[in-house]
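Please examine the sequence and the structure shown here before reading on. The paragraphs that follow treat helix packing and then aromatic rings.

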Amino acid sequence: MLPPSTFTPRLSAVEEGTTPDNIGVNGTSEKKKVIILGADGFCGWPTSLYLSDMGHDVVMVDNLSRRNIDVELGCDSLTPIQSPDVRVQAWKEVSGKEMKFVNLDVAKEYDLLVQLIKEEKPDSIVHFAEQRAAPYSMKTSKTKRYTIDNNVGGSNNLCCAVIDSEVDAHIVHLGTMGVYGYGTSGGEIPEGYIDVILPGGREANILHPAYPGSVYHATKCLDALLWQFYQKNDGLRVTDLHQGIVWGTNTPQTIKDERLINRFDYDGDYGTVLNRFLMQGAMGVPLTVYGTGGQTRAFIHITDTARCIEIAINNPPKTGERVEIFNQVAETRRVRDVAKLVADQTGVEMNLLPNPRQEAAENELDVSNRKFCSLGLDPITLDEALFNEVTEVVQKYKHRCDPTKILPASFWNKKRAEECAALDPTSIKIKAD
């Protein structure tokens, strides 16, 4: 990466080292009305609980599409998640706090979305309402088209709805580190914007070039362009969070009652890599490492996902400031090194499988996360004690696991499918107690 230039765009308060209210690095402490889109999902549900626990007024919105995909794939969450109504009632019983749930499709029910924003007048809208799995987005032409339509259409609808409602709501979007690609910056990946020298020796600070590795990642790149346009054209206030791979399942809020438990995906489409390894290790299944395992990825614990969302809503950009971008990561690790941590702890073997993904066999990854750290985040890193916590959850619900869903079932192209043709889902056996 080039050294810092003398070019000075209109930076946000966070980039300048202050908050919009100039009250210190932790931002404003006032409680806010927050609409959370995609609030029933793996990240949305614990974030809803956390923000409510912190005293914010939370309105949950979801169309339950992820539960419908469970039915489509024939694979439920390992943990027995309750319906939104049961979850909301349970939270009221254990915390005394109320949350409203609204069943609404952000990508299809535009008029209802506008009406909701007008009625609730939120300070912030947190946008999780996107199909989140790269493998699922590459599964078939149908899932590719659905991912584009749902994700990009939903994000565009949200921008239009905020404008049409005439409510100055701050949009906080959960993006992905995958927008950058892996190892394409020539050094440390900056937070959203990169210094460049244009023809003629002109210095500029521009949005980092996009390099998606799946249809899912491509939608996040398209989202990023939408945020840039609507900020420039309509003055929308937007924060885009480029998050690493999430691991863990419990948070201090979800463990308060069995009915509050978060979903835990272990299958080849929706299970995140570390959670898949922890589940496999606990069940005595050889760890499914794709390719050489030389892919370096960024990781973050589910508890920190929720913390980062609150930091973001407490530190919104001012009207007229460019889109604020944070790298929402705790650390980077090579996949085979993560697998070895789990293998050493559980005694299972690592099984190198043909890679179903079209990606580099090995890559380096150096990521800046200085903004969140400067705003008070002390990130959780990979820790065996937390591994044990996840393992305990797996052991409790292992009877719900379908071992035929563990191997990869989505392939990036015909060549990758041919290389993985010998994989036999019925060959996976769970170790008896």
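In this predicted model, residues Val273, Leu274, Phe277, Leu278, Gly281 and Ala282 of helix H8 are in contact with Val335, Val338, Ala339, Val342 and Thr346 of helix H10. Two packed helices are described by the angle between their axes and by the distance between those axes. For H8 (residues 273–282) and H10 (residues 335–346), the angle is about 25° and the axes lie 10 Å apart. Since angles under 35 degrees count as roughly parallel, H8 and H10 are therefore roughly parallel to each other. Their crossing is right-handed.

The aromatic rings come next. The model contains four aromatic pairs. One of them joins phenylalanine 229 and tyrosine 230 in an edge-to-face arrangement, with 5.1 Å from centre to centre and 70° between the planes. Phenylalanine 229 is partly exposed, at a relative accessible area of 38%, whereas tyrosine 230 is buried, because its relative accessibility is 10%.

Another pair is formed by tryptophan 247 and phenylalanine 387; their ring centres are 5.5 Å apart and their planes stand at 80°, so this pair is edge-to-face. Tryptophan 247 belongs to strand S9 (residues 245–247) and phenylalanine 387 to helix H12 (residues 384–397), so the pair ties together parts that are 140 residues apart in sequence. Tryptophan 247 and phenylalanine 387 are both buried.

Charged side chains also meet aromatic rings. Arginine 322 lies over the face of tyrosine 193, at 3.6 Å from the ring centre. The charged end of lysine 371 is placed over the ring of phenylalanine 326, at 5.7 Å from the centre of that ring.

Methods: Residues are numbered from 1 along each chain as its sequence is written. Side-chain values use heavy atoms; hydrogens and water are left out. Rings of Phe, Tyr and Trp (its six-membered ring) pair if their centres lie within 6.5 Å; planes under 30 degrees apart count as stacked, over 60 as edge-to-face and the rest as tilted. Buried means under 20% relative accessible area, exposed over 50%, partly exposed in between (1.4 Å probe, protein chains only). Helices (H or I, at least four residues) and strands (E, at least two) are DSSP runs, numbered from the N terminus. A charge sits over a ring if NZ of Lys or CZ of Arg is within 6 Å of the ring centre and within 35 degrees of the ring normal. Axes are lines fitted to C-alpha atoms, for helices over the stretch in contact, and angles run from 0 to 180 degrees between N-to-C directions. Angles under 35 degrees count as roughly parallel, over 145 as roughly antiparallel, 65 to 115 as roughly perpendicular and the rest as oblique. A crossing is left-handed if the near helix is turned anticlockwise from the far one by less than a right angle, and right-handed if clockwise. Contact means heavy atoms within 4.5 Å.
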